[in-house]
Amino acid sequence: MAAAAELTLLEKSLGLSKGNKYSAQGERQIPVLQTNSGPCLTGLATIAAHLVKEANKEYLLGTTAEEKAVVQQWLEYRVTQVDGNSNKDDIRILLKDLNSYLEDKVYLTGYNFTLADIILYYGLHRFIVDLTVQEKEKYLNVSRWFCHIQHYPGIRQHLSSVVFIKNRLYTNSH
């Protein structure tokens, strides 16, 4: 999904009225937002944070200094590690690492839903939708997190719903 489409979904989930026009620059198609009252904003994380502030939902950026830093860390992770990766091996490594990270967390920052969850959900959707049942079970923590985020009000919108089986079909024992 192109960044402009994700930003439009984010606008809608934040309750912002449509009207922002996005373009893309360069070979990597970096999103650009032309604001009404100032300079262009460039980059997914920058524009997403701007939209959150515009919607007066700054709690999505984190409530403590540490949580704000973790949100920023995951926004950077999304741009540097998820975007541009289409190699199946790279995606497996990414999902394995994320699965370990989410082992004791409900959301990326721990126990609070943030912009990081929304943006990473949008970025991973194209990969998660293609996982087999066995792969979803292999990345159980990612599957739990992803399923939770896709059912969060207003987040999934027109994106296809990814089905997760509640009972494990396969076990590690033979």
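Colleague: Which residues touch the most other members of the largest nonpolar core?
Modeller: This is a predicted model, with local features needing pLDDT of at least 70, side-chain atom pairs pLDDT 80 or more, and totals for chains, interfaces and linings using all residues. Residues are numbered from 1 along each chain, and side-chain values use heavy atoms, without hydrogens or water. A nonpolar core joins buried Ala, Val, Leu, Ile, Met, Phe, Trp, Tyr and Cys through side-chain atoms within 4.5 Å. Of the 54 residues here, those touching the most other members are Leu 10, Leu 115, Leu 120, Leu 124, Ile 128 and Trp 145.

Colleague: Which element gives the largest share of this core?
Modeller: H1, H2, H3, H4, H5 and H7 each give two or more residues. Helices are DSSP runs of H or I, at least four residues. The largest share, 10 residues, is from H5.

Colleague: Is His 125 buried or exposed?
Modeller: His 125 sits in helix H5. Buried means under 20% relative accessible area, exposed over 50%, partly exposed in between (1.4 Å probe, protein chains only). His 125 has 6% relative accessibility, so the residue counts as buried.

Colleague: What does His 125 contact, leaving aside neighbours within four places in sequence?
Modeller: Contact means heavy atoms within 4.5 Å. On that basis the partners are Phe 146, Leu 159, Ser 160 and Val 162.

Colleague: At what angle do H1 and H2 pack?
Modeller: Axes are lines fitted to C-alpha atoms over the stretch in contact, and angles run from 0 to 180 degrees between N-to-C directions. The axes of H1 (residues 3-13) and H2 (residues 44-54) lie 10 Å apart. Their angle is about 15°.
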